[in-house]
Amino acid sequence: MFSVTQPAGGVLLAALGLVVPRLSFACLSVPDIPHIAPYFGTKTRYEEVNPHLLRDPLSADPSVLRPPPAERCSPVHLTAVIRHGSRYPTVKNIRRIQKLSELVRTEASRSSGGSEEWIQDIQSRWEAWYTEDMDGQLVAKGRDDLRQLASRLASLFPSLLSEENVKNRRVRFLTSSKHRCVSSVEAFQEGLQRHWGHPDTEPEYSHKVDDELMRFFERCRGYVEGVENNHTALLEVEKFKHGKEMEGVRRRMADRLGLPHHRLTPDLVEAAFFLCSYELSIRSVHSPWCFLFNETDAKVLEYKSDLKQYWKRAYGHEISSLSSCPLFHHVFRTLDKAGRPRRSTEASPEPASVLVGHAETLLPLLSLLGLYKDQTPPTASNYPSQHGRRFQTSQIVPYAANLLFVLYDCQRGPRLQLLINESPVRFPGLEEDAPLYRDVRATYRHLLDGCDFHRECEGRAVGRAPNTEL
């Protein structure tokens, strides 16, 4: 089968991955996973970060929990800040895909690429099946991302994410208002239900929409005016977009397709790259579009994506991270309550809090915490020296990315461990995997005593900002 034409109203087929057959291009006598899969930035699958999940998506590794072995410790609270699962392209990228597909269909040379069948698949057999009504909605694979994550976390923290705790509404579920996030938090609850042995019972969905916490970036005037609507804020991205590395990728792709160089814009190059990522993340397909790029090309395009996120959502402008002050304070207030001493007559603390948002939610908070900061900022001119950078969004914020704060009750007092995408990460300046909670608070004292959202964001909330989804 060489083409899939998506009927009108595609989103009404709620889980397209279940109803549209997988492509099986004749040329694909190759592994299912494209060689460029680890470089898709914020459009990377979670399995590229944790490849063992391809073998067993429910396998949880208890060795990642690392309180001091000499102390008797038990987990008493989990706060999980989670990105939504795999999704359809947004309208902007769907339109670019359609434009690219039409350009290749009408103008690409039929003799390009020699006898390689993948080039014929692109030119003659592949059809753009994405429709605008899909606009960023969660796909079937995205629901699985969250169901499986829920099961793994319930395996790691059985006393916290227990059936009794969830049914008694002692576990809090908060989400962004975006459809893909609401669907993700519901899928998380479905995953818990399945983990407890009730796969055929629909959970009693319980969540609260809280955009002040999960979409804080829309409400920060300093961010909206200083970064989002400031055409100079992403100057490094624009320079790189039209620089020699991107120009090389553009020319090589045009040559492979038999297109005049001037007809292929940097945005269309990126559309083809993202098309490879969408086909993989939505339907586990090794798309013929992937063969347009070698690993060198993929690293250049990943860097372009990382530049955008660095200068728009992370360390490039201080207001980007400071806009996450509400979420930062919410997390630490929750931890404070869970870790404080209490009388025997007092109610036990909230065992878990699950917050579902976006890559735009996680990146500013990670930056505020001082994580993944490189000594030399990435710029348009220093790409060759940035290959070992820490700030690599493919590894930090793939679909279903998660930031886990695990509070332990230990002999010497409460301890806090941080896990990112289910792997231990140390707090900056602290030498233990699970330092004393008071030491973590001391590290962030300047933020706990400050980081005032209204002061940083110029005093008052703003109206709805333009859609700025990644």
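# Reading rings and strands

Visitor: Let's start with Trp 289: buried or exposed?

Guide: This is a predicted model, so everything here is read off predicted coordinates. The cut-off for buried is under 20% relative accessible area. Trp 289 comes in at 1%, so it counts as buried. Trp 126, at 6%, counts as buried too.

Visitor: How many aromatic pairs does a search of the whole structure find?

Guide: It turns up 20 of them. Take Trp 126 and Trp 289: their ring centres are 5.6 Å apart and the planes sit at 85°, so you read the pair as edge-to-face.

Visitor: Then what about the rings of Phe 328 and Tyr 444?

Guide: Planes over 60 degrees apart count as edge-to-face. Here the planes are at 75° with the centres 6.2 Å apart, so that pair is edge-to-face. Phe 328 belongs to helix H15 while Tyr 444 is in the loop between H18 and H19, so the pair ties together parts 116 residues apart in sequence. Both Phe 328 and Tyr 444 are buried. Ring pairs also join them with Phe 332, Phe 427 and Tyr 437 in a cluster.

Visitor: On to the sheet. In what order do the 7 strands come?

Guide: Read across it as E3-E2-E4-E1-E5-E6-E7, an open sheet with mixed pairing.

Visitor: Which strands run parallel to E4?

Guide: E1 does, through 6 bridges, and E2 does, through 5. To find your way, Ala 80 stands opposite Val 354 in E4, and Arg 172 has Ser 353 of E4 as its bridge partner. E1 pairs with E5 in the antiparallel sense, over 8 bridges, with His 77 opposite Leu 407. As for burial, 7 of the 10 residues of E1 are buried, so the rest of the structure largely encloses that strand.

Visitor: How do I read the side chains along a strand such as E6?

Guide: In a regular strand, side chains alternate between the two faces of the sheet. In E6, Arg 415, Gln 417 and Leu 419 point one way, and Leu 416, Leu 418 and Ile 420 the other. With 6 of its 6 residues buried, E6 is largely enclosed by the rest of the structure.

Visitor: What are the neighbours of E6?

Guide: E5 runs antiparallel to E6 and is joined to it by 6 bridges, with Val 406 opposite Gln 417. Their hairpin has 5 residues between the strands, and Gly 413 there takes a positive phi near 125°. E7 is also antiparallel to E6, through 3 bridges. The E6 and E7 hairpin has 2 residues between its strands, and Asn 421 in the turn has a positive phi of about 55°.

Visitor: One for the charges: what is the nearest side chain of opposite charge to Arg 313?

Guide: Glu 360, at 4.4 Å. A salt bridge has to fall within 4 Å, and Arg 313 has none, though it is buried. Arg 313, in helix H13, does make a side-chain polar contact of 3.0 Å with Tyr 223.

Visitor: Last one, a helix: how many residues of H7 are buried?

Guide: 14 of its 17, so H7 is largely enclosed by the rest of the structure. H7 reaches 24 Å from first C-alpha to last, close to the 24 Å expected. After H7 comes Gly 197, with a positive phi near 95°.

Methods
Residues numbered from 1 in each chain as written. Predicted model: local features only at pLDDT ≥ 70, side-chain atom pairs only at ≥ 80, totals over all residues. Heavy atoms only, no water. Helix = DSSP H or I, 4+ residues; strand = E, 2+ residues; numbered from the N terminus. Expected span 1.5 Å × (residues − 1). Buried < 20%, exposed > 50% of the residue type's maximum accessible area, 1.4 Å probe, protein only. Pairing = 2+ DSSP bridges. Lys, Arg positive; Asp, Glu negative; His and termini not counted. Polar contact = N/O pair within 3.5 Å; in protein donor to acceptor, adjacent residues only side chain to side chain. Phe/Tyr/Trp six-rings, centres within 6.5 Å; stacked < 30°, edge-to-face > 60°.
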